[in-house]
Structure formats: structure tokens, C-alpha cells
Amino acid sequence: MSKEVLQGTLDLMVLRTLESLGPQHGFGLAKRILQISEGLLDLNQGTLYPALLRLEQRRWIRSRWGTSDNNRKAKFYDLTARGRRQITEKTESWTLTVSVMDRFLREPAPEDR
Amino acid sequence: MLAKLWDLLRYRRLDREMDAEMRYHLESLEAEHRARGLSPEAARLAARRDFGGVSRTQEAHREQRSLPLLETLTRDVRLSLRSMRRAPVVTLAVLATLAISIGANTAIFSVVNAVLIKPLAYPDADRLISVSLASPVMRIDDLESAAYVYLTQRDQSRTLEGVGMWSLQAVNVTGREQPQRLMALRVTADILPVLGVEPLLGRHFTPADDEPGRRPTAVLMYGYWQRQFGGDPSVVGQTVTVDGAPHDILGVMPQRFRFLDQRAVDLIVPVQLDRARVFAGGFGWPSLGRLKSGVTIEQASADAARLLPIAADAFPVMPGFTRENLDGGEWQPLLLPLKQDVVGDAGNTLWIVMGTLGLVLLVACANVANLILVRTESRQRELAVRAALGASWGHIARGLLTESVVLGLAGGALGVAVAYAGVRVLLALGSSSLPRMDEIAIDRTVLLFACAVSLFSALLFGALPVLRHTRPHLAAALRAESRGAIGSREHLRARGALVVVQVALALALLVSAGLMIRTARELNSVDPGFTRPDVVQTLRVTIPASSWPDAEPVARRQQAILDGLAALPGVESAAYASALPLQPGVVQTDLLVTEGGRMSTEGELPQNRAFHMVSPGFFATMGTSLVAGRDFTWADLYDQRPVALISADLATREWGSPAAALGRRLRGGSNRNIWREVVGVVSDVHNQGVHEPAGRTVYLPALAALVVEQPAVVARSVSYVLRSDRTGTPDFLADVQRAVWAVDPELPLADVRTMGDYYGESLARTSLTLVLLAVAGAMALFLGVIGIYGVMSYAVSQRTREVGIRLALGAQREQVLGMFLRQGLVLTAIGMAVGLAGAIGLGRWMSSLLFGVSPLDPVTYAAVSAVLVVAAGVASYLPSRRATRVDPITALRVE
């Protein structure tokens, strides 16, 4: 299986992570996403940053500079109200996609019949 | 979208933040790997690996930040620059055409802006007005104001915040090295406050300084202060001797201060008006005021009209006149925005020149559109391929338009450079004929104008290719064999239309230039009333009343100077007069009353006429012929005989003929004026300008008793005229100076010039307009001819195959030639028909600039049409001849 991240899914992962963990910096987010995917995902951690910027431009998340655990300056991302609404919407559409895909994949291919 | 635009504006900061963020990430990863026991070097590499490509991430990040529109724009610009490089000749032709036409428009706009648009350089200048009086019944358009009107307005006006009166007076300034003849501005104390200007140093006049009998004071203009005192600030408190009387220097005006358009003023002195000696009458004082805020000119005029009778009641009538005389004038106030008063009729000339150059720009745009059409045509296939590969209509259109805009802006930038040069030329040509020329600058407004014109032109010439080419006939365009033939008919029609426009505009512009040429010829052929002005030297000498109070000694002294001048080697004849023909300055006028003439028989009101005082021999020196009677003699002067000479038109008007006027009597408007006998009639002289009516002048002896029981009057400031072939040479001028100073070394020489200078200046504005319109016409003709040539060449190249077939089938070469020639001439004819209508409109618009020629002058129209037909014929013939050289065999084999 290709371990590349499907376009659009990274957004939802980021939003969900922020929802469950609260404000996070980029490094924390990357670590958490890799942790949850348990190595199934081949994520160049740098790819995260354009996605974060895109989410910020859509006003789904916001950022501010803060101090990290090891007492260094880092940029922290946080969900906005709009972002919370997006989680619900995206989760629904994602679940729908998954269930539809699931049905297709379980159906035997015509040639096989 | 807005967020992105905002991000774009803080590009650097965001880049720095991004770097910091990624660095933090990398360092954190590195720390983790180290904690797991890797060596620092290995940890760093591992961190890099985990993170992925740093620069790729940065790039992706930046891309996410950027605006797609801007991206495509830069790409389009890059593409168009590349495509321009590929066709350097076309690009250069387009840029040159645009640079010249945009530059010309920008240059003339900078003049229009400085002269007509910019407010005068005073605070709240839109509330400044000039105040004068007019008498429609006496046909006096503008006789300035008068002291009694000024005083009444100053004290009782409800609509004016302030009002002031001024006049110019040439003065002798002595006591510093050489005596100098300077221009003094005499003002009432309120003038500078009304204008709202403050001095650079010291103070300006208080009402106390302006009271009669006070010790005279003066304020220096910046230029004089620099010139004479080297900008020494301690000059305030020193004195300067003006016309023999010491004046305390109160202050210095700032460098930027100009009094209206009077560029020659050196110092300002108070009028010191004596209210006890002010009479109702005595017009000729220019006056200006400031409206109270919120007051309109109409309200102020009504208020001024209300005050006129009050003013007339408040002051005794001028001696020698009756109240009926005064009321008979039916004086009306004439209030104008001060700017209009300063600018005068320069607006006519400027708007017309601006309009014609605007038309040239249109011709240029038509030409550029033509060139671009050809270019785009040859790229037809490229565009079709792009469209086939999925480029949208909008994409292609945007690309084409971007090219035009890039061309337009580049041409505009070059145009600004051209404008800088053009402004210098205009200043050299126009400084003496246009007001406010010293305010001309290429400032922000002008640059904005250049930018707007460039964009406008770009859209204009860019629109046509876009309309023609963004919906390519895909299939046809892609078929190789139909290359070039696609819709060629349509393109030819579009380009034909452009040629029609060009010819039409060229015709209109050439007609306007032609009318100006005719006007200049007419003006040059006018007999000014004097001969060979180039060999008449002039100089002005003033003998101040402070040193020579009595009249007769002044006249003796003037004659002594004249004798000295006449004795100089090479001087044919010499004389002097109070005013010279065409010399700018205040001319003495008075109402003329005659005896037994048409005026008395038909009961006409006396009219205002110029009264010049002249020495014997003046007319002989000037070359003005004596039509009847005799010239003045020195005995007429010193015996103060009541005699006069008049111009031929006055003699004819009053008594029927010059001969009939001899022995008749006339006097000035006052009934205390002495009746004078007409002893001679001289031919009409154009005193006010070649384009103004000639004559209408009464000549008095330079020393004359004018009013009964009053001492004789002498012209204290006189211009000498010397007819000599040495005129203008340095050693002659040195001789002249020595001759004057031999009589009185305290006398400064002013206006040392030639009659030729005055004559040239009186034609200066016509010359300026002529040059500008001729340039515009020539440009239009040139561009038009190129346009025709281009279209005909294109038509010939498109129809090579057809010509080949025709020739193969036996057509004669003359027939082919005729076919193409006809096509070119038909386009020209249509263009000329359209242009005729335009020319008639343009001619009517510029009729105020014309002299002695009708706006519909048939000679001009015929000549211009002939020129255009010949030019168009040549431009069509050259490419057409190429068609006849087609070899049928090769033509048929091509493609």
C-alpha cells in the first residue's frame, strides 16, 4: 500500500489532533500524527507546514508565538470556531467516503463473477 | 484572498517566521535522535531525513502564500517581453511611435497643468478675484478699477474679505554703482495680505506705511535682493533710492513669490493714496480682492454694482467732467477669477494644441494596433495550438492584452523622457507668449497623466488584436497550408478601417496646421505701419520728477539726449515717444471728443482712444508715412502750440478723409481739455499687436499744455528710436550708453532692444501655435502614410497567389497595379471624406486663433487634400508595384 498521505486527509488529521490535544506547535503535531498512524504513514514532516499555512489562510486554525516545554520560542497552532465546525463536516463526509469506498471494494469485480 | 494579499505585503517577515519555525522543528528532531543515542552528526542527518526537503518545503510554503493572479501576471509579462525580443523591429517601431506621441502629449499637458489647471500659488487661490469696470455703451471691455471704487469697496463691501489696488511703474534706482532702471510694483497696503503671502525677511506694509506723507518704504523681491545685495539679510533697515527719494527697506519677499504673472518686478512700494485728492473717475488701476468664504462671484458682482453709485456720490467728480459724463458710461463691475485674469486667452491656444496632439496619439495608436495585428497574425498558429491544448479564451486574451500594456507602459516611460526634452523646447518657444511658464514642471500630476495616457493607449491598440484573435478558427488555423490566409479578408477589413481613421485624423490635423500657416502668412503680410523694424534700436530713458520737477527742462534734456544719439556714427535718424508700437505696457488713453465730425453730427458717445506723445521726426524714423499735413516741429513743443496728429482711420471716420481732417479740432474727454488743431494725418500703425485693429491713435507733442490754466505736461519716460544699420551691435550699444550719460550719468537705460524684437514678440504666440500644430500635422501625415503602406504591403503579400493566377490567365501587369492602387486610394478617399467633417469642426474650434483666413479656407483644404492624395498614392504605389513583379510560376508553387 502506498503510504503517501491523501490530499485533504492531512487537513482533517491536523484539525482532529488540535481538537484532542489543544494548542500545539508544528513539531508536536508532526510527532502526534506519526505516532497515531503507527508508522503506516510516510510523512515528510516538512510537508505539514504548507498545510498549516493553508488552514490558517482559511481561518480554520490560528497561530501565535509562544514558549515551548524546553523553554524556546515556537509557533503554536490552535483551532478556531470555524475549524471546529469543519471537523464535524469533514468527519461526516470522510465517513461517508470511507463507507462508500468500502462497499465498492467488497463487491466482487464483474470479471470475477 | 485578502489574507493572501496581506501576506504578500509582509513577505519578508513571513519568510523569517517560516525559517524560525522550521529551524525549531529540525532542532527538536535532532534533540530527540540525540536522546536516543545517536552522535550529533548522525542526529542532524536523521532529523533532515525525517523532515524531508527543507527548500522544497519552503517553496511549497511560499507558493501557498502567493497570489495566483500575480503569478500569472509576472508570467504573462515575462512571456510578452520574450515575444517582444523575438520581433525587435516591430517592438522598436511601436516604442518609438508611442514614446513620441505620449511624450508630446505629456509635455503639452505639463504646460496645460501649470498654466490652466494648477491654482495660482497663493493660499485659497480660488477665492481671489480681479476687480475691474466695463462700459458696454462706450465699448470698453475692461478699464481696470479706480481709486474711488477701491476705497468704497474696501470700506463698505459685504462680500469681499479684502481688496487691494496695484500698478506697475518703471523707476530709476540710484546711489549704487550704476543707476538702474527697475520695475516697481506700487500697491496699497492690503494687497499682500489679500494674496495671503508673508515676506521671507522683515515685514510688509502696514496701513500706516501707506498713508500719504509718510517716509517711503519698500519691500524687495527675492531676485533683486539676490542680484543687488547678494542675499544679505542685514538689508532690512537699509535704504534704497527710488526716483531720487530714499526708501526704507522693510523686508524681502520669498523666492517663490510672483505677483500675478509679472515676472520682471524688482521691488514693491506703497501707493500712499491721498484720500483728499481722490476723484470719481480716474480709471486704469488694476485691482484684486478676496471673496469671503462661501460667497460666489455673482453675489460679489451684485454687491460691487450696489457700491458703484455710492462711490460716485462719496467723491467729487474729476475736474473737467460732470456727473453726467461719469454716469453716461453706465459702468458695470467686472469680477473675474484671478486665475482667469492672469491666464487670459492662453487657454484657447493650449486646449487646441492639446486636442490636436491627442488626435496624433489616436493616429499613433491606430498605427501600433496595425503593427500588433500583423504580429499577432503571424502568431495565429501559436495561439491556435495554445487554445487546442486547453488555454482558455480569457488566458489568451489576457496574454495579448498584457503584451499591449507592457508595450504601452514602456512607451510611456520613454515618453516621459521625451517630455522632459519637449518641455525645454516649449519653454524656449513659449516663455514670452504664455503666462505662468515659470511654473511648468513634470510633477506628480503630469506623471500620473502620462501613466493614464499610456494605459489608455495600450487598451486602445490592444483591444483590436484581442477581438480579432481570441476566437481562432481552430481547425483552419491548425491546417498548415492555410497559414496566413485565415480570415485574411476580415483582417484586411479591420486594418482598412484603421487606415481610414488615420487618414481622417491626418487630414483634420493637416488642415489645422495649414490654417495656422495661412494665419502666419496673413499676419506677416500685414503692414504694421513701420518699416524694417530690425534696424530700429530702442531704449527707454526716464527723467524722475524728484530731480527735474518742471516740464520744459525735461523736454530740453530729452532733446539734448536725442541730439547726442542722432550724432552717433551710422544713425540715419532718431526720435522719441511716450510709447512705441507693439511695446507692452500701459498706454495712455482718454475719451476723444471731436468738433464737426461724425461724433457730433450723429450724436455718438466719445470713445476711448490711445494718446501718444511724440517728438518731431518720430514718424520719419519709424517709417510711418505722413498721409496729409505736416509733422510736429520743435517749435510746436516749446511754444506749447495746441496741435495734434491723428491716425488715418480716425480722420476718415470723423471727417471722411485725411485731407478733410486738417484744420479740424479735437480734445480729450474733459471739458477743461484744450481744443487742439489737427495739423497732420499719419498712416495707421498696429500699436496693440499685428492681429489687433490698427490706428485709433491721437499723437500729441512730447511737451504739451493739455488742460486750461494748468502747466504743460511732458512724457517723463520716453523710448528713443534710432534707425541705424549698427542696431544691436555691442559697440553701438556702448556708444548709445555713452551718449545718454554724456548728458546725465544718473540716467539708467531700460528696454534696450530693437523694434524687430517687439515685432517678433507680437507674433510669438501665433508662431508657437504654428510650430506645434505643424509638428502635430507632420506626425499625423507620417504615421498615416506608414499605415497605408503597411496595409497595402500586407494586401499584396496576401494576394500573391491570386495575382499569380491572374497573370497566368493573361491579366496585364497594369491591370494588377491598378487593382491595388485603387484599393489604397479608395481607403484614402473614405478617410478623407470622414476627415473633412472632422476638419470643419476643428477649424471652427480654432477660429479664435485664426487671422485673415476663414476656418473653411478653400486653399488650405485643397492643398492639404492634394498632399494627402499624393502621399497616399505613393504609399500605395510602392507595394502595388511589387505585385506586378510576381512571377506566376513561383507564386503558384508557393504553399
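Guide: Two strands pair if DSSP finds at least two bridges between them; helices (H or I, at least four residues) and strands (E, at least two) are DSSP runs, numbered from the N terminus.

Visitor: Thank you. What kind of model is this?

Guide: It is a predicted model, in which local features need pLDDT of at least 70 and side-chain atom pairs count only at pLDDT 80 or more, while totals for chains, interfaces and linings use all residues. Residues are numbered from 1 along each chain as its sequence is written, and chains are lettered from A and ligands numbered from 1 in the order in which they are written.

Visitor: Which strands does E6(B) join, then?

Guide: Strand E6 (residues 217-220) of chain B is joined by four bridges to strand E8 (residues 245-252) of chain B, and the two run parallel.

Visitor: Changing topic: how many helices and strands are in chain A?

Guide: Chain A has four helices and three strands, and from the N terminus on its elements run α-β-α-α-β-β-α. The chain has 113 residues, of which 27% count as buried.

Visitor: How do H1(A) and H2(A) pack?

Guide: Helix H1 (residues 9-21) and helix H2 (residues 26-37) of chain A pack at an angle of about 100°, with their axes 10 Å apart. Axes are lines fitted to C-alpha atoms, for helices over the stretch in contact, and angles run from 0 to 180 degrees between N-to-C directions.

Visitor: Which residues meet there?

Guide: From H1(A) come Met13(A), Val14(A), Thr17(A) and Leu21(A), which meet Leu29(A), Arg32(A) and Ile33(A) in H2(A).

Visitor: How many residues of chain B are in contact with chain A?

Guide: There are 17 residues of chain B in contact with 14 residues of chain A, contact being C-beta atoms, placed from the backbone, within 7 Å. Helices H1 (2-9), H2 (11-35), H3 (40-51) and H4 (54-65) of chain B each supply at least two residues of the side that touches chain A. H4(B) gives the most to that side, with six residues.

Notes
Contact = placed C-beta atoms within 7 Å. Buried ≥ 20, exposed ≤ 12 C-beta atoms within 10 Å, placed from the backbone.
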